[in-house]
Amino acid sequence: MTEAALISDTPRRATAMASAPARIALWLRRRIFASWRDALLSLVVVLILGAIAWTILPWALFKATWSAASRADCAPGGACWGFVAAKASQFIYGFYPPLERWRPDTVFALLIAGLTWLMVPRIPGKGYAGLFMMVVLPVVTFVLLHGGVAGLPVVPSDKWGGLLLTLILAVSGISFSLPFGALFALGRRSRMPLVRWLCIGFIEFCRGVPFITVLFMAIVMLPFFLPSGMKPDPLALAVAGIIFYEAAYMAEVVRGGLQALPKGQYEAAMAIGFGYWRTMLYIILPQAIRKVVPGIVNTTISLLKNTTLVMVVGLFDLLNIVSAGVADPLWVGSQAEGYFVVGLVFWLMSFGLSCYSRAIEGGFARADRA
Amino acid sequence: MGWVFQALLVVALAWVAHVAIGNLYDNLAARGLKLGFDFLWQEAGFEIAFHLVPYTSSDNYWRVFLVGITNTLLVTAVAIVFSTILGFTIGIAQLSGNWAVSRAARIYVEIVRNLPQLLHILIWYNVALRALPAPRVAIGVGDMVYLSNRGVFLPALTSDRPGLLVIAILIAVIAALALFRSLTSYAERTGRAVNAWLPSLAVLVLLPVLAVALTGTQVSVSLPQLKGFNFIGGWALVPELTALVFAMAIYNAAFIGELVRASIEAVSKGQREAAAALGFGWWWTLRFIVIPQAVRVLLPPLSNQYLNILKGSSLAVAIGYPDLVGVFTGISINQTGRAIEIVGMTMAVYLAISLLIGALINLFNHMTRIVER
C-alpha cells in the first residue's frame with residue numbers, strides 16, 4: 001500500500017501542466033483512493049474523526065452554557081464554561097491575595113520579556129538574556145512574590161498556585177537543569193575517576209527511579225537529614241527535585257552531543273592554548289548543544305509535563321488547583337471543563353516549544369549550508 | 001591538580017555525610033524512632049482494594065510490599081502490551097501513502113504526547129469511565145465482557161491448582177518460542193521452506209492441556225454475572241486499573257509510534273531499491289530487509305520507553321490504584337513513619353529493574369552491532 005502510493009506512474013511534468021481540478025483529482029486518486037482498500041481505510045478514518053468531532057464540538061460549543069453562577073444553571077449535555085470563568089483568577093494565581101495580584105502580573109510580564117529576548121534570534125545579547133533568566137529573574141520573582149521588603153506584605157509560598165506555580169516550577173527547572181546537566185555531562189567524561197563515577201552514579205540513579213519517588217524523598221526523607229527545627233519550604237524542595245532530576249536527563253542529551261564532536265575540536269582548542277574550562281565553554285559546549293537541540297526541547301517538554309506531579313507533595317499547580325476547584329459544591333461534576341482548559345494550556349506550551357525547536361533546527365541547517 | 005580537587009571532593013562529601021548522619025540520629029532520637037527493617041513484620045491492618053497475591057488486613061508490611069510490586073508489574077505489563085500494539089499501528093500509519101491515515105496518525109501523536117500523563121490518567125478516571133453506564137445497564141460484549149463505571153469484567157480461568165497452571169503455561173510459552181526459533185534458523189540455514197508457526201502454536205496449546213489432563217486438575221471458566229448492583233464471578237478489573245491502562249497505553253503509544261516511524265525511516269531507501277532489484281515482493285522486503293534493520297535502531301529506545309512506562313505507572317497514586325508507590329510509599333509511611341527505609345526500598349525496586357533492563361539493552365547493542373568485514 002505504502003510502496004504503491006509512493007511510486008507514482010504519472011510523470012511529474014504531466015501533473016504540473018494539468019489544470020487545477022485535474023490536479024486535485026489526481027491527488028485524490030493517488031493519496032486517498034489508490035485502491036479499494038485505501039478508499040475503505042480513508043472512509044473509516046474519516047468516520048472515526050467525524051464521530052470524535054461530533055461528540056466534542058456540540059459539547060464544547062453548541063450546547064455549552066457560557067455564563068453561570070453554579071453548575072445548576074448549566075444545560076445538561078453541554079460544557080459549563082461558567083465554571084472556568086468563575087474560577088479563572090484562581091486557576092491563574094492560586095490563592096494569591098487579590099489586592100496583591102499586580103505582583104504576579106509583573107512577574108508574568110518580566111518572564112514574557114525575558115523569553116522573547118532569549119528566543120527571538122534577531123534580538124542581540126543572548127548572553128545577557130541567559131544571565132537575566134538565570135540570575136535576575138529568579139531573584140526578582142522571589143522578592144516580588146514573597147514580599148517582606150520595601151513595604152510589600154509577605155505572601156507565603158503556600159498561597160502561590162495555579163498557572164503561576166506551574167510556570168515557576170517549569171521556568172526555574174528549565175533554566176537550571178540545562179547548565180547543571182552540561183556540568184554532569186562533562187563530569188561523566190572527566191579524566192578524574194572520582195568525579196566520573198560520582199556523575200555516572202547520580203545520572204543513572206535519577207534515570208532509574210520515577211519522579212514521584214524523588215519528590216517523596218525530598219518531602220518525607222530529606223527532613224530527617226537536616227538540622228532539627230529547620231523546616232524547608234515544600235516549593236523549594238520541589239524546585240530542587242525537578243532541577244536535579246531533569247539535569248540527569250539533560251546530561252545524557254548533552255553527552256550525545258559531546259560524543260558527536262570530532263576530536264580535532266579539542267585538539268585545535270588545546271593548540272591555541274585554551275585551558276579545560278575555556279575549551280569547554282567557548283569551543284565544545286556551544287557546538288555540542290547545537291547538535292542536540294531536539295533532545296533538549298524534548299527533555300524540556302517532559303519537564304513541563306512532569307511539573308503536574310507536584311500534587312503528591314500538596315502543591316497547587318494548574319492541574320491540582322483545577323481538581324480542587326471541581327470539589328467546590330457549587331461546581332461538582334465540572335471535571336471535563338477543567339481538564340479541557342488544563343489540556344489546552346499544556347498543549348499550547350508543549351506544541352509551541354516543539355515548533356520553536358523545529359524552526360531553530362531549520363535555522364541551523366541553513367546557516368551550515370551557507 | 002586533578003588529585004587535589006578529588007581529595008577536596010572526598011573531604012567535602014565526607015563532611016556532608018557526617019553532618020547529615022548526625023542530624024539523622026538527632027531527629028530519630030527526637031521522634032523516638034530507630035532505623036531497621038523490623039517494621040516489615042508488623043501487621044499492616046489496612047485493606048487493599050486490588051491484589052494479585054493473597055492479602056488480608058492482618059498481613060504484614062512485607063506482604064504489602066509484595067502486593068505493591070505485583071500490582072505495579074501488572075499494570076506495567078498490560079500497558080506495555082497495549083501501547084506496543086497501538087504504537088506500532090500509529091507508527092506504520094504515519095508512513096502510509098494514504099493521506100487521511102497518515103494525517104490522522106500525525107494528529108493523534110501531536111495531541112497525545114503534548115499533554116501530561118497525569119492529565120490523561122485523570123481524564124480517563126474522572127471523565128471517561130464515569131460516563132460509562134452503571135453495572136445494571138453495562139455494555140456487554142457477547143455476555144462475556146462487560147464495561148461499566150465500576151470497571152471492566154472479564155471471564156476468568158479458575159482452577160484448584162493455580163500454581164501448576166501458571167507453571168505449565170510458562171513452560172509452554174518458553175518451549176514454543178524455542179521451537180519457533182530453532183525451526184526458523186533451520187529454514188534460514190538450509191534454505192528449505194518450513195512452516196514454523198503451526199508446530200509452535202500446537203506446543204503452546206497442547207502442553208498446558210496435556211498438563212491439565214494428566215494431573216486431573218479442575219479447570220473452569222467463570223463468567224461475570226450481574227447480581228444486585230454489581231457483577232460477581234469472572235475477573236474484575238477495578239476502575240482504577242482500567243483507567244490507568246487506557247491512559248498509559250494511549251499516552252505511550254504516541255511515543256512508540258514516533259520511535260517506530262523513525263526506525264523505519266532510518267532504513268535507507270537504497271536498501272528497498274536493492275531488494276526490489278533482487279525481485280523481492282512487498283512482504284519479503286519488509287520481512288528480510290526493512291524489519292531486521294529497523295529493529296536494530298528501534299529496540300534500544302523502545303526498551304527505554306518500556307522503562308518509562310514502568311516509572312510512569314507510579315502516577316497510579318493519583319487515582320488510588322494500589323501500586324508500589326501508592327500502597328507502600330504512601331500508606332505505609334503514614335502508618336509507620338519509616339520514611340527512610342520505605343523510600344529506599346521503593347527506589348531500590350525501580351532502580352534494580354531499570355539497571356537490569358539497561359544492562360540487557362547494552363548486551364543487545366553489543367550483539368547486534370554491525371560487524372564490518
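These legends describe views of a predicted model.

Local features need pLDDT of at least 70 and side-chain atom pairs count only at pLDDT 80 or more, while totals for chains, interfaces and linings use all residues. Residues are numbered from 1 along each chain as its sequence is written, and chains are lettered from A and ligands numbered from 1 in the order in which they are written.

**View 1. Chain A, with 16 helices and zero strands.** Helices (H or I, at least four residues) and strands (E, at least two) are DSSP runs, numbered from the N terminus. Along the principal axes, the C-alpha atoms of chain A fill a box of roughly 75 × 70 × 40 Å. In chain A, 33% of the 370 residues count as buried. Buried means 20 or more other C-beta atoms within 10 Å of the residue's own, exposed means 12 or fewer, and partly exposed lies in between; C-beta atoms are placed from the backbone. Of the contacts in chain A between residues at least 6 apart in sequence, 66% join residues at least 24 apart. A contact requires C-beta atoms, placed from the backbone, within 7 Å.

**View 2. Helices α14 and α16 of chain A.** Helix α14 spans residues 293–306 and helix α16 spans residues 335–369. Their axes come within 10 Å and cross at roughly 170°. Axes are lines fitted to C-alpha atoms, for helices over the stretch in contact, with angles from 0 to 180 degrees between N-to-C directions. The two helices are therefore roughly antiparallel, a term for angles over 145 degrees. Contacting residues in α14(A) include A:Val297, A:Ile301 and A:Leu304. Those in α16(A) include A:Phe346, A:Met349 and A:Leu353. The contact comprises nine nonpolar, four polar and two charged residues. Nonpolar covers Ala, Val, Leu, Ile, Met, Phe, Trp, Tyr, Cys and Pro; charged covers Asp, Glu, Lys and Arg; the others, Gly among them, are polar.

**View 3. A:Leu152 in a loop of chain A.** The loop runs between α7 (126–146) and α8 (162–188). A:Leu152 counts as partly exposed, because it has 14 C-beta neighbours inside 10 Å.

**View 4. Chain B, with eleven helices and eight strands.** Its C-alpha atoms fill a box of roughly 80 × 75 × 50 Å, taken along the principal axes. Of its 373 residues, 32% count as buried.

Conventions:
Two residues are in contact if their C-beta atoms, placed from the backbone, lie within 7 Å. Angles under 35 degrees count as roughly parallel, over 145 as roughly antiparallel, 65 to 115 as roughly perpendicular and the rest as oblique.
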